[in-house]
Amino acid sequence: MKLIVGLGNPGKEFENTYHNLGFCAIDMLSKKFGVSLNKSKFNSLYAQCKFNDEIVLLIKPLTYMNLSGQAVKQFVDYYKLQPSDVIVICDDIDLPKGTNKLREHGSGGTHNGLKNIVYKLNSQDFKRLKIGAGDNNIIDLKDYVLSKIDEQSLNLILPSLQDGLDKVLNLLKNKV
């Protein structure tokens, strides 16, 4: 079993913001797998599907970004998963728009959602797909990640998001 977690913040006011790129990724994967995130557990929306003969849980924690680890930890404990069974998808302001990076493990860096997951799992050994949302030199970081993505930026981000999701699917195909 694999757990794919998209990080974001619940609520209409956060839709289409940089910080909700993880939620966007989960929406794209749920369409691809033909499932709806219509179940609720551990303060998260989730769906279960099968890919490459493996059960995959897609989740959107509703705990708000900075407390994402609470929901992830509950899923990991309930399903008796290892941190290596978890793939987290999130924005990364340190990567330029139009890029992505898949990492096998590592610290939470400057991302509070990742930091909270590392803390709650007591491990850095989960995979993470980081979607480039950087290139802000103008406004405060908090205001930037919670700002709406303009059309020009979206045209850069969506292809890199799809490329990143292809990398995640390849991980699942190779049963890593």
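The model is predicted, so local features need pLDDT of at least 70 and side-chain atom pairs count only at pLDDT 80 or more, while totals for chains, interfaces and linings use all residues. Residues are numbered from 1 along each chain as its sequence is written, and side-chain values use heavy atoms, with hydrogens and water left out.

**Exercise 1.** Work out which parts of the chain the D27 and K60 pair ties together.

- A salt bridge here is a side-chain nitrogen of Lys or Arg within 4 Å of a carboxyl oxygen of Asp or Glu. The structure has six of them.
- D27 and K60 make one, at 2.6 Å from N to O.
- D27 sits in helix α1 (residues 21-33) and K60 in strand β4 (residues 54-61), so the pair joins parts 33 residues apart in sequence. Helices (H or I, at least four residues) and strands (E, at least two) are DSSP runs, numbered from the N terminus.

**Exercise 2.** Decide whether K130 and D92 are buried or exposed.

- Start with the contact: the closest N and O atoms of this salt bridge are 3.6 Å apart.
- Buried means under 20% relative accessible area, exposed over 50%, partly exposed in between (1.4 Å probe, protein chains only).
- Both K130 and D92 are buried.

**Exercise 3.** Find how K167 and D163 are placed in helix α5.

- Their salt bridge has its closest N and O atoms 3.7 Å apart.
- Both belong to helix α5 (residues 151-173), four residues apart, so about one helical turn separates them.
- K167 is partly exposed at 31% relative accessibility, and D163 is partly exposed at 36%.
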